[in-house]
Amino acid sequence: MLPTREQAEKLLKEAEPCNPGPWGDHCRVAAHCAEKIARASGMDGEKAYILGLLHDIGRKFGVRQLGHVSDGYSYMMKLGYDEAARVCLTHSFNNGRVEEYIGKFDTTEAELALIREKLAGLQMDDYDRLIQLCDALSGSAGVLDIRARMEDVKRRYGAYPQAKWDSNLALKAYFERKMGRDVYEVVEKDTFRP
């Protein structure tokens, strides 16, 4: 189950004042990218937009790093939006491994166990992969070059796991093959602003 586009936009708008910052516009950029890539790939653009918009909704509950994953998953499940809950979980783990998370492990033992348990039971699909790619393309002011975005994350956090780096580049290549077009052209990298 998913909320409608309007419901998802309302959820994000209501969440932003709870934890002010650029994350809301980052989500809007990810949603834009997801919709454009999905439509060009023969996927459901509306679903992709909603998933992109809500992937970081866990940030509503405060300044947390890994904690935003469990917060988002639990919040979306509570609302009955299991597909959105899924991407709240999968968007940070391209290879399905918690150890690749970039940032602080600021969860309780129960939250970390929930993340591990739910990840272990999942087979990633193209919507999971799409939101992972869009997360790696999206800044808060617009679409970024994927390598520049990863370099920025590496500077801010001190490291970037090579397996995650490689998987982001592989995701970009995968969707470019599906679309038969350059991803930056499809997502209007030079012109789109949230």
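# A briefing on the core, pocket and ring pairs

Gly142 counts as buried, because its relative accessibility is 5% (buried means under 20% relative accessible area, exposed over 50% and partly exposed in between, with a 1.4 Å probe and protein chains only). This is a predicted model, in which local features need pLDDT of at least 70 and side-chain atom pairs count only at pLDDT 80 or more, while totals for chains, interfaces and linings use all residues. Residues are numbered from 1 along each chain as its sequence is written, and side-chain values use heavy atoms, with hydrogens and water left out.

**Around Gly142**

- Gly142 sits in the loop between H7 and H8; helices (H or I, at least four residues) and strands (E, at least two) are DSSP runs, numbered from the N terminus.
- Setting aside neighbours within four places in sequence, Gly142 is in contact with Val29, Leu137, Phe192, Arg193 and Pro194 (contact means heavy atoms within 4.5 Å).
- From C-alpha to C-alpha, Gly142 and Val187 are 9.9 Å apart in space, and they are 45 residues apart in sequence.

**The nonpolar core**

- The largest nonpolar core has 61 residues, and Ile37, Met76 and Leu130 have the most contacts inside it. Such a core is a set of buried Ala, Val, Leu, Ile, Met, Phe, Trp, Tyr and Cys residues joined through side-chain atoms within 4.5 Å.
- Helix H2 (residues 23–41) gives the largest share of this core, nine residues.
- Not counting residues up to four places away in sequence, Leu130 touches Ala34, Ile37, Ala38, Met43, Ala48 and Phe175.

**The largest pocket**

- The volume of the largest pocket is about 780 Å³. On a 1 Å grid over the protein atoms alone, a cavity is a set of points where a 1.4 Å probe fits but cannot get out, and a pocket is an open set with protein on both sides within 12 Å along at least five of seven lines; lining residues have an atom within 4 Å of a point.
- Of the 31 residues that line the largest pocket, Asp56, Arg59, Arg149, Arg156 and Tyr157 are the closest to its centre.
- H2, helix H7 (126–137), helix H8 (146–157) and helix H9 (162–179) each supply at least two residues of the lining, and the largest share, five residues, comes from H8.

**Aromatic rings**

- There are five aromatic pairs: rings of Phe, Tyr and Trp (its six-membered ring) pair if their centres lie within 6.5 Å, with planes under 30 degrees apart counted as stacked, over 60 as edge-to-face and the rest as tilted.
- Tyr160 and Trp165 form an edge-to-face pair, 5.6 Å centre to centre with 90 degrees between the planes.
- Tyr174 and Phe175 are also edge-to-face, because their ring centres are 5.1 Å apart and their planes are at 80 degrees.
- Phe175 is buried, with a relative accessible area of 0%, whereas Tyr174 is partly exposed at 28% relative accessibility.
- Phe93, Tyr101 and Phe105 form one aromatic cluster.

- Glu111 belongs to helix H6 (residues 109–120) and counts as buried at 19% relative accessibility.
- Not counting residues up to four places away in sequence, Glu111 touches Arg64, Ser70, Asp71 and Asp106.
- Glu188 lies in the segment after helix H10 (183–186) and is partly exposed, with a relative accessible area of 30%.
- Glu188 has a positive phi of about 60 degrees although it is not a glycine. Most residues other than glycine have a negative phi.

Terms used:
Grid points are joined across faces, edges and corners, and a volume is the space filled by probe spheres set on the points.
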